[in-house]
Amino acid sequence: MTPLPFLPYGRQTIEDDDVASVAEALRADFLTTGPTVGRFEAAFAETVGARHAVACSNGTAALHMAMMAAGIGPGDICIVPSITFLATANCATYVGADVVFADVDPDSGLMTPETLAEALSRADGRPVRAVLPVHLRGDVCDLPALAALAGAAGAILVEDAPHALGSSLRRGNEVHRVGDNAFSAMATFSFHPVKTIATGEGGMVTTSDDVLAERLRLARSHGMVRPAGAAPWIYEMPEPGYNYRLPDVLCALGLSQLAKLERFTARRRVLAALYETALAPLAPTVRLAARPEHSDPALHLLTVLIDFAAAGIERARVVADLAEAGIGSQVHYIPVHTQPYWRTRNGALDLPGAQGWYDRCLSLPLFPGMDDGDVERVVAALARALRL
């Protein structure tokens, strides 16, 4: 028998028209800083309903640029949920700011109004300049409530949204797409291969603020400006920036992928629904991560919460058994406040929601190229690994 293909937890979907778009860009006059960048930005802004979209080299660069554009620096505080990738907290460090970690809901992994309020109480009177909620897995945080708390504290809201392209927040009869900046100053995205659309590496920042948009563009290209009326070779640098540009070649891939966003997200929703049905018999030992009522996600990650103690097995053994069956899995994420760097800077911190999430979470394969039968295969392998 031919062995079944390995199913990673995430994978890009690259098709012939994507390859053709990149090939066309390679034959064009500009490989970087050309017109394809602007076309990708305009298409992305229209897709999410933002006024401005500024492309950059990756999602971490997007976060760093957002901090620079907001003027955050030494002595300022940024509040970050502990359940996230390292970059959400690192971006504050890049500009010299301090981080206060917020706890999360143990069943969704999301920052909540309650955990943000508690984190704000630990700022000890220091200026809180930014709050960075993370739309973990693709589920959307309670942005209206978080924005109200941030605003009352004098802070801006910056959505860390690499997981949530295509997701929406429902508020009464209103529907807000992630990235439309209805409740935030900026939103950041990533186009890493496991994300909803891929450019290889790449990122984007959206904003509705003209001043922030201009500062973002300066931050991604060395801080250079060209004075009006000056000779064409003249440029000035009012303040340093970085080389965070996204080449035209990758923007060409981004444009091709963005045109498929609706198809990709529809397929992710179908697969998530199949998982919900297939996993039901494994309850209560296994259950899906909680979905807030206001969230309409296009899931980037299919995360289950497993009572490993009740199953009498360690997570490492389950991961190994899944891998032996050709099933990839991942843990999203190790609580950032427990990392050595942050323990040294901030001291020991008890965040029970983050620990409760981490102790139980496991991400299973989810990407548009999966067949319906792949879901049954994954769940059957999980049941065997858990001896259920």
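Helices (H or I, at least four residues) and strands (E, at least two) are DSSP runs, numbered from the N terminus, and two strands pair if DSSP finds at least two bridges between them. This report uses those terms for a predicted model, in which local features need pLDDT of at least 70, side-chain atom pairs count only at pLDDT 80 or more, and totals for chains, interfaces and linings use all residues. Residues are numbered from 1 along each chain as its sequence is written, and side-chain values use heavy atoms, with hydrogens and water left out.

**The sheet**

An open sheet is formed by three strands in the order β7-β6-β11, with antiparallel pairing. Because β7 (174-177) and β11 (295-296) stand at the edges with a single partner strand each, one side of each has no neighbour in the sheet. Strand β6 covers residues 168-171 and pairs with β7 over four bridges. In the hairpin of β6 and β7, two residues lie between the strands, and G172 takes a positive phi near 65 degrees. Two bridges join β6 to β11. Some of the facing residues are listed here.

| Residue | Opposite residue and its strand |
|---|---|
| L169 | H176 in β7 |
| L169 | S295 in β11 |

**Residue S190**

S190 belongs to strand β8, residues 186-190. S190 counts as buried because its relative accessibility is 11%; buried means under 20% relative accessible area, exposed over 50%, and partly exposed in between (1.4 Å probe, protein chains only). Leaving aside neighbours within four places in sequence, the residues in contact (heavy atoms within 4.5 Å) with S190 are G59, P162, K195, I197, G202 and G203. The side chain of S190 also reaches the backbone nitrogen of H192 at 3.2 Å.

**The largest pocket**

A pocket is an open set of points on a 1 Å grid over the protein atoms alone, where a 1.4 Å probe fits and protein lies on both sides within 12 Å along at least five of seven lines; lining residues have an atom within 4 Å of a point. The largest pocket has a volume of about 570 Å³, the volume being the space filled by probe spheres set on the points. Its lining has 27 residues, and F85, L86, H163, K195 and Y333 lie nearest the centre. The elements giving two or more residues to this lining are α3 (59-69) and α4 (86-94). By class, the lining has twelve nonpolar, twelve polar and three charged residues. Here Ala, Val, Leu, Ile, Met, Phe, Trp, Tyr, Cys and Pro count as nonpolar, Asp, Glu, Lys and Arg as charged, and the others, Gly among them, as polar.

Conventions. A polar contact is a pair of N or O atoms within 3.5 Å; within protein, one must be able to donate a hydrogen and the other to accept it, and residues adjacent in sequence count only if both atoms are side-chain atoms.
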